Amino acid sequence: MGLNNIFRMGDKMKELRKEKGISAKEAAKELEIKYPTYSNYENNNRMPDYETLIKIAKYYGVNIQEFTLPPGWELTEKNGVVTEGINLEALNNVKRKKLLDNYEKLNETGKKEASKRVWEMSRLPEYQKDNKNINKKEDKEEKVDIRKAAQEDMDLF
């Protein structure tokens, strides 16, 4: 896995390019970068060298740090000092996007099976957000009952 696959710089480039309302070929031409190379940057297959990264950041009018922050992180300014930190909402959006991207890779049978498993897990106390005590005996008995009910309800899918 390359660095661009971690930082997802290409996603940010693509977003900024679309905001400009231009095609990837037009951006590559204006930046004087070969189109296949630019395309690889946008698709997170390659990471540009430092000089090219500066050139791209200037072209899109953003701070170079914005391209090098992992998804879900953001730059903030406090008392004239730029700092970075986690934006939990953005991080959750990234997680949702990855989940949906993986779901979309599945065929119909896989989608049906994934939906069943998520549905079942959402009913098990150990996977629920608000679950506080799963170690009690009655919780374990309830889990068994939920699993049985989940099996019976699988016909919905």
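**A closer look at the helices**

Modeller: In helix α8 of this predicted model, the buried residues are G110, K111, W119 and E120. Helix α8 covers residues 108–122, which makes 15 residues. From the first C-alpha to the last, α8 reaches 21 Å, close to the 21 Å expected at 1.5 Å a residue. At the start of α8, N107 places a side-chain oxygen within 3.1 Å of the backbone nitrogen of T109.

The packing of two other helices comes next. Two packed helices are described by the angle between their axes and the distance between the axes. For helix α2 (residues 9–20) and helix α5 (residues 50–60), the angle is about 30 degrees and the axes are 10 Å apart. The crossing of α2 and α5 is left-handed. On the side of α2, the residues that take part are M9, M13, L16, R17 and K20, and they meet L53, I56, Y59 and Y60 of α5. Of the residues in this contact, 7 are nonpolar and 2 are charged, while no polar residue is present.

T52 lies in helix α5. With a relative accessible area of 16%, T52 falls under the 20% limit and is therefore buried. The side chain of T52 also makes a polar contact with the side chain of D49, at 2.8 Å. When neighbours within four places in sequence are left aside, T52 is in contact with I33 and Y41.

Terms used
Residues numbered from 1 in each chain as written. Predicted model: local features only at pLDDT ≥ 70, side-chain atom pairs only at ≥ 80, totals over all residues. Heavy atoms only, no water. Helix = DSSP H or I, 4+ residues; strand = E, 2+ residues; numbered from the N terminus. Expected span 1.5 Å × (residues − 1). Buried < 20%, exposed > 50% of the residue type's maximum accessible area, 1.4 Å probe, protein only. Polar contact = N/O pair within 3.5 Å; in protein donor to acceptor, adjacent residues only side chain to side chain. Axes fitted to C-alpha atoms, helices over the stretch in contact; angles between N-to-C directions. Left-handed = near helix turned anticlockwise from the far one by under 90°. Contact = heavy atoms within 4.5 Å. Nonpolar A, V, L, I, M, F, W, Y, C, P; charged D, E, K, R; others polar.
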